[in-house]
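Here's a quick briefing to read with the model open beside you. Have a look at the overall fold first, then zoom in on a single side chain.

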Amino acid sequence: MYQSHLAVIGENLWSQLRGLAPIRVRPARSVLLRQGDPGTHVVLLASGSTLVTLTGPNGERALLAVRGPGELLGELAVLDAQPRSASVIAAESCRVHLIPAPEFLSFVESNGLLNPLLRHAIARVRESEAVRLELATACVPVRLAGALSRLVDAASTNRSAVSVRLTQEELSQMIGASRNAVGTAIKPWREEGWLETDPGGGLLIHDITSIEAHARSTM
C-alpha cells in the first residue's frame, strides 16, 4: 500500500525537515516543478494537492499521479542528480517549503534516510505504471473516474463535496481523450447529481464512489 513521505519518515523528522525552509504559498495551477529542469531543490507539500504530469515529445500531457499533504516532490532528481522526470502543478492553492538540494542531501545523510526514500521512489514508479496501464487500456469513463478519484483522495478538505479546479479540456488532455468524450462521460454523472459542473470550467464532486461504479459498468 502506498504511503506518504510523512508516514515513511515519521512526524519528528518531518517537522525537522519542514524547518529547513520557510513556508510559501503557491496559487492553483502554478508550476511547482518543471520536467527537464535540474534538481536544485525539493518541495515539501504542507497543504493542498498537486498533479504530476509527463509531457511527451509532441507536447501531449499525461496525468501520472496526484499528491497531497505530507509528500516530498522532486526529491529523486536531487538524489540521483538527473533532470526532473515530470512536472508538478498545483491543483489548488498550496503551502510549500522549498528545501535547497544541499540542505536536503545533508539531512538525508545525517538521518539515514537514503534507503527509505529509494524504497518510496520505487513504490511511486509502481503506482505510475498502474496509471499508465489504465490510460493505455481502459475506456474514457474509467480513465476519467480514476483521475477524479485520485484528485478527491489527495484533496486537502474534509468537506463532503470536493472541488476540482481543472477544466474539461485539461482533464481530457491528462487522460488522453477528446474534450467531447469527457463531456459525454460526465453527462450521466451530472444528471445523477454525483457531480456538478462549474461555469468557470471546474467540477464539484459529490459522490466519487458512484462515479467509479458507473464507469466500471460501462466497460
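This is a predicted model: local features need pLDDT of at least 70, side-chain atom pairs count only at pLDDT 80 or more; totals for chains, interfaces and linings use all residues.

**Overall dimensions and packing**
- Along its principal axes, the C-alpha trace covers about 55 × 35 × 30 Å.
- Of the 219 residues, 46% are buried.
- Take the contacts between residues at least 6 apart in sequence: 74% of them link residues at least 24 apart.

**Surface and charge**
- The protein carries 21 positive and 21 negative charges.
- How far apart are the mean positions of the positive and negative charges? They sit 3 Å from each other.

**A look at Arg-67**
- You'll find Arg-67 in strand S5, which runs over residues 61–67.
- Is Arg-67 buried or exposed? Its relative accessibility is 5%, and buried means under 20%, so Arg-67 counts as buried.
- The side chain of Arg-67 makes a polar contact of 2.8 Å with the side chain of Glu-127.
- Put together, Arg-67 is a buried residue in strand S5, with Glu-127 as a polar side-chain partner.

How values were computed: Residues are numbered from 1 along each chain as its sequence is written. Side-chain values use heavy atoms; hydrogens and water are left out. Helices (H or I, at least four residues) and strands (E, at least two) are DSSP runs, numbered from the N terminus. Buried means under 20% relative accessible area, exposed over 50%, partly exposed in between (1.4 Å probe, protein chains only). A polar contact is a pair of N or O atoms within 3.5 Å; within protein, one must be able to donate a hydrogen and the other to accept it, and residues adjacent in sequence count only if both atoms are side-chain atoms. Contact means heavy atoms within 4.5 Å. Lys and Arg count as positive and Asp and Glu as negative; His and the chain ends are not counted. The place of a charge is taken as NZ of Lys, CZ of Arg, CG of Asp or CD of Glu.
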